[in-house]
Amino acid sequence: MGCGSCSTGGGCSPAGCKSNGSCLTNGCSKLDVYDWLSHMDMPTNYKPFGIVEIKFKGSRKEFYLNPDNIYLEAGELVVVEAATGGYDVGHVSITGELVRMQMVKRRVKEADVAKKIYRKATVADVEKWKAAKDLEWETMHKSRTLALELNLSMKLSDVDYQGDKTKATFYYTAEGRVDFRELIKKMAETFRIRIEMRQIGMRQEASRLGGIGSCGRELCCSTWLTDFKTVSTSAARYQNLSLNTLKLAGQCGKLKCCLNYELDTYMDALKYIPDNVNVLKTEKGDARLQKTDIFKKLMWFSYPREESWIPLPLERVKEIQRLNKEGILPENLGEVVEIETKPVKVLDYENVVGQDSLTRLDERSRNKKKNKNRNKNKQNGTADSFSQRPINTDTQNQQASIKPEGAPSADGLKNNRNKRFRPNKNNKRRPDNPNRDGHQDKQE
């Protein structure tokens, strides 16, 4: 039997799950773990580990006993025991010895695992589970309407139905304590199921809903991040970031978790940077600190009413600082560090990969207009240029024999006519040239 959440029913492949199972889009691969021990040969007397990790909607993962030693693979749908009665349906996340390592990581003891795996999901179980999942969207919107009618200051963000359609867990966020007893009564009467309310934080809400961060990737809390540590504005100060809340806040409205990723590296680099070096006193004047590059270990100073900045190494800054404490003013800041600037390589992007020109359509339209005008002139019995008209050689020789002295020759007249002639698009005579073909009027 294929994967219960796959639209094609052809197996447990991640593609085509429509965000209902273990697909790789829209956060369904949330907190996936690669079982790197699954393809290793175990000893002959090896007894498989009797606990399996099961993954449910969102980031919820739990450990279950496998008393019947059912052969399970990652991605399979199984029916497990629910905490409040009935059963639930989930996906197998990992099996084998890797489960033991995950339990140590999450500080779960084997004796504390009491819930069991009943069986692999049958066709009836899968159909009932899918019907329950289809009700979640409608249930959430109806429950939001009921909360608005009661004027409750809470936001319902997600609903999770149990596999047997007997219980629904509502996740909400609120700033303070909310009395939702009346809301539970109305929801129980409307949906005819058992109701459980769970309050979550803003970060947990973003991890359940998912989304794309400012970096262009999926949210860390939706894919791999499990522990939400506190983030303070001092992390941005240490990294020389602008204290703009719009840029530092994530989709949850809190400070981004990624501000803590590189904080340790910055803290280690700041150990070598001297403190309280805002001003260095010299005979030339007081130089003020403008910028610090903690990784290159350079500090830029500038004199008053001077635009140029002077980079100094940390050793020179500490030396001047020590001299100032002793009451000694150096002549100047000292040797300037030469910063290597790499030459900018200008790339020729013209037809690098053999692609067509961006203006090819414009040129094609111009050529079409030219051909159209030529065909129109030909139909009207006119030529595009004087050179295309037939010339009578006898008449030309006769005119050349009777021309007066100082008159231009026939060849010169022909060239002048060709230079003066410009084909008109609308076949209209210009005021300076009565004849459109360039011939002068004969005088009677």
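This short talk goes through a sheet, some salt bridges and a surface patch in one structure.

Before I start, please keep in mind that this is a predicted model, in which local features need pLDDT of at least 70 and side-chain atom pairs count only at pLDDT 80 or more, while totals for chains, interfaces and linings use all residues. Residues are numbered from 1 along each chain as its sequence is written, and side-chain values use heavy atoms, with hydrogens and water left out.

Let me begin with the sheet. Three strands form an open sheet in the order E6-E7-E8, with mixed pairing, where two strands count as paired if DSSP finds at least two bridges between them, and where strands (E, at least two residues) and helices (H or I, at least four residues) are DSSP runs numbered from the N terminus. E6 and E8 are the edge strands, each pairing on one side only. On average, neighbouring strands of this sheet are turned by 25° against each other, direction ignored, with axes taken as lines fitted to C-alpha atoms, for helices over the stretch in contact, and angles running from 0 to 180 degrees between N-to-C directions.

Within this sheet, E7 (residues 167-173) and E8 (residues 194-199) pair in the parallel sense over six bridges. The chain passes from E7 through helix H4 (residues 181-191) to E8 in a right-handed β-α-β crossover, the term right-handed meaning that, with the strands pointing away from the viewer, the path from the first strand over the helix to the second runs clockwise.

I now turn to the salt bridges, each defined as a side-chain nitrogen of Lys or Arg within 4 Å of a carboxyl oxygen of Asp or Glu. The structure holds 24 of them, and I will pick out three.

In one of them, Arg60 pairs with Asp160, the closest N and O atoms being 3.7 Å apart. Arg60 lies in the loop between E1 and strand E2 (61-65), whereas Asp160 lies in strand E6 (residues 155-161), so the pair ties together parts that are 100 residues apart in sequence. Both Arg60 and Asp160 are buried, where buried means under 20% relative accessible area, exposed means over 50%, and partly exposed lies in between (1.4 Å probe, protein chains only).

A local case is the salt bridge of Arg100 and Glu97, at 2.9 Å from N to O; both residues lie in helix H1 (residues 97-105), three residues apart, about one turn of the helix. Arg100 is partly exposed, with 34% relative accessibility.

Finally, the surface. Tyr34, Trp36, Met40, Met42 and Met101 make a nonpolar patch of about 590 Å². Tyr34, found in the segment before strand E1 (51-55), is exposed, with a relative accessible area of 63%.

Key: Patches are made of residues with over 30% relative accessible area and no salt bridge: like charges are joined within 9 Å, nonpolar side chains (Val, Leu, Ile, Met, Phe, Trp, Tyr) within 5 Å. Accessible areas come from the Shrake-Rupley method with a 1.4 Å probe; for residues, only the protein chains shown count as cover.
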